[in-house]
Amino acid sequence: MARWNELAPGTRAHTIDKGRITTAHIMRWSAAVENWHRIHYDYRFATEHDKLPDVLINGSWKQHVLVQLVKDALGPEGWVWKIRFRYKKMDVAGDSIRASAEVVDKQEIDGLGFVTLRVVLTNQNGEVSTAGFAIGVLPLPGGPKVPYPFEARPAHAAVQLPADD
Amino acid sequence: MDAPSGIKAESFDHYRGATGRTLVADLPLERDTLRRFVQAIMDTDPLYVDAVYAKGTRYGDVVAPPLYPVHAFRPRIGGADPLDALHADPDADGSGGNEGVFFGLAPIESPFKRLLNGGNEIEFFRCLAVGEKAVANARYADVQLKQGKSGAMLLVTIETTFTTEAGERLLVNRQTLIWR
């Protein structure tokens with residue numbers, strides 16, 4: 001569990017290394033969600049028909065990695081309240097995916113802690129393919145649990161996702 | 001604004017604010033479906049697979065990852081097979097017209113063929129639990145014809161509210177799609 005007092009702006013909150021994502025990983029995802037678009041598993045279609053460098057790692061997969069990143073950064077007592085991200089670059093089969101979260105800000109409102117995180121996905125060359133921000137909710141030391149389901153109260157509107165970088 | 005292809009921005013105005021039909025997942029969330037899903041996203045959180053562990057959490061039972069509901073709507077038995085198109089057209093992309101991105105909205109008709117995912121903004125309320133069905137209600141929050149460096153493109157923001165059948169909110173997803 002993330003400890004509220006140890007979350008300082010500018011510090012790394014969490015990192016997930018997914019390792020090298022191969023065509024097999026991409027195919028497993030495509031099958032799990034029944035997405036049969038050929039740019040994700042048919043090399044000839046992806047490269048010759050769609051002129052892509054290789055089959056693509058699904059954006060739909062990458063979004064779950066970002067949500068997992070925030071969820072794991074907060075721990076089981078936290079709640080991923082909001083996330084916004086933009087896809088900036090393609091990731092292709094063979095790329096290694098790392099997810100990183102950095103603390104941007106934190107506020108205490110109505111007895112709960114709100115932490116704003118910058119979240120990014122990078123490849124083996126350190127290039128950012130996906131980037132955005134998230135807001136997580138945490139219990140304060142000695143404070144009440146985070147309500148579940150989480151329905152924001154009007155006072156929570158004081159915490160907003162930052163504008164895109 | 002006239003795009004190079006001759007299409008006019010006004011031709012998309014009627015989509016803005018339009019809502020679609022309510023989608024109800026055919027099947028409730030099953031544990032094996034969830035197992036395959038979390039293995040595919042490579043998340044080993046016991047909350048998603050271990051009923052004993054989950055019982056001791058605030059969730060009380062196994063639940064899906066927060067963003068799972070966007071994938072809860074699968075092809076219906078007896079419905080169109082997205083791979084049928086490959087028999088008639090070997091260059092078909094296999095997407096079945098990307099029906100899955102519309103969540104019950106009438107698909108946008110345009111000359112653009114290539115679809116890119118621009119990004120998302122999501123608010124989460126709770127997780128879908130095993131045994132629950134997801135429900136989706138979508139609307140076109142925005143539709144804009146833009147001129148980019150490489151030509152015209154259509155920027156579409158679809159706002160989809162996912163709930164349980166009882167109407168409890170799971171998440172609201174604002175997804176930006178780009179057609180070129």
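Me: Where in chain A is A:Pro149 found?
Reply: This is a predicted model, in which local features need pLDDT of at least 70, side-chain atom pairs count only at pLDDT 80 or more, and totals for chains, interfaces and linings use all residues. Residues are numbered from 1 along each chain as its sequence is written, while chains are lettered from A and ligands numbered from 1 in the order in which they are written. Helices (H or I, at least four residues) and strands (E, at least two) are DSSP runs, numbered from the N terminus. On this numbering, A:Pro149 is found in the segment after strand 5 (128-139) of chain A.

Me: Is the peptide bond from A:Tyr148 to A:Pro149 cis or trans?
Reply: The angle to look at here is omega, which is near -5 degrees for this bond.

Me: What pattern does chain A follow along its sequence?
Reply: Chain A has three helices and five strands. Read along the sequence, these elements follow the pattern β-α-α-α-β-β-β-β.

Me: How many residues of helix 3 of chain A are buried?
Reply: A residue is buried if 20 or more other C-beta atoms lie within 10 Å of its own, exposed if 12 or fewer, and partly exposed in between, with C-beta atoms placed from the backbone. In chain A, buried residues make up 41% of the 165 residues. Helix 3 of chain A (residues 59-74) has 16 residues and is mostly covered, the number of buried residues being 15.

Me: Is A:Lys51 buried or exposed?
Reply: A:Lys51 sits in the loop between helix 2 (43-49) and helix 3 of chain A, and its phi is near 55 degrees, a positive value in a residue other than glycine. Because A:Lys51 has 7 other C-beta atoms within 10 Å, it counts as exposed.

Me: Is B:Phe103 buried or exposed?
Reply: B:Phe103 lies in the loop between helix 3 (85-88) and strand 2 (115-124) of chain B, and this residue, which is other than glycine, has a positive phi near 50 degrees. Because B:Phe103 has 23 other C-beta atoms within 10 Å, it counts as buried.

Note on methods:
The expected span of a helix is 1.5 Å times one less than its number of residues.
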